[in-house]
Amino acid sequence: MISTLYEPFRNWSENGSVYILSDMHFDDKDCKLMDPNWITPQEQIEIINRNIMKNDTFVCLGDVGRPQYLKELKVRKKILLLGNHDRRGEYHDYFDEIYAGPLFIAEKILLSHEPVYGLRWCLNIHGHDHNNIEAYKDGCKHLNLAANVCGYTPINLGKIIKSGILSDIDSIHRVTIDHAIAKKDAENN
């Protein structure tokens with residue numbers, strides 16, 4: 001169980017791990033234009049299934065493509081954050097939970113389809129950008145999981161948290177306090 005997750009999301013990890021990936025674009029012919037090495041949906045499913053187990057939760061950060069391929073994923077639970085290519089009603093038969101926008105799942109973790117900038121107090125795990133953007137931009141730490149950027153391999157959320165990825169991010173409370181102290185010091189000088 002990932003205890004740092006907010007209560008409504010802890011069930012994602014109650015029986016297994018949480019894996020995250022974005023922008024699979026199953027059967028999207030335009031993907032070869034973006035990346036000539038784009039792999040087939042069957043190859044993507046094989047990579048995902050090699051990494052996940054039947055008790056795990058799979059979180060897709062949007063741009064699924066043809067959802068029929070999702071039936072081949074061997075996971076307990078599937079979660080979707082809608083991407084810019086996803087139509088709302090199209091995925092209800094394939095996902096257990098569907099969210100329409102960015103989602104804070106822990107104090108310092110924001111999941112989104114598109115990158116969110118300016119939040120220096122969180123890690124933004126996202127997709128959408130099919131190039132490997134900077135890890136930090138506008139003070140916000142990013143982890144880009146667009147399928148072609150991360151080798152079509154979902155990341156294990158618990159493992160990256162344990163690796164210390166959040167350790168250099170101050171909480172919003174610390175940022176607020178530091179800002180108040182700096183403002184008071186400026187007024188006193």
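## Exercises on aromatic pairing

A search of the whole structure finds six aromatic pairs. The model is predicted, with local features needing pLDDT of at least 70 and side-chain atom pairs pLDDT 80 or more, whereas totals for chains, interfaces and linings use all residues. Residues are numbered from 1 along each chain as its sequence is written, and side-chain values use heavy atoms, leaving out hydrogens and water.

**Exercise 1.** Classify the geometry of the pair formed by Phe9 and Tyr99.

*Solution.* 
- Step 1: Rings of Phe, Tyr and Trp (its six-membered ring) pair if their centres lie within 6.5 Å; planes under 30 degrees apart are stacked, over 60 edge-to-face, and the rest tilted.
- Step 2: The ring centres of Phe9 and Tyr99 are 6.3 Å apart and the planes stand at 65°, so this pair is edge-to-face.

**Exercise 2.** Locate Phe9 and Tyr99 in the secondary structure.

*Solution.* 
- Step 1: Helices (H or I, at least four residues) and strands (E, at least two) are DSSP runs, numbered from the N terminus.
- Step 2: Phe9 lies in helix α1 (residues 7–10) and Tyr99 in strand β4 (residues 97–99).

**Exercise 3.** Is Phe9 buried or exposed, and how does Tyr99 count?

*Solution.* 
- Step 1: Buried means under 20% relative accessible area, exposed over 50%, and partly exposed in between (1.4 Å probe, protein chains only).
- Step 2: Phe9, at 8%, is buried.
- Step 3: Tyr99, at 23%, is partly exposed.
- Step 4: Across the protein, buried residues make up 49% of the 189 residues.
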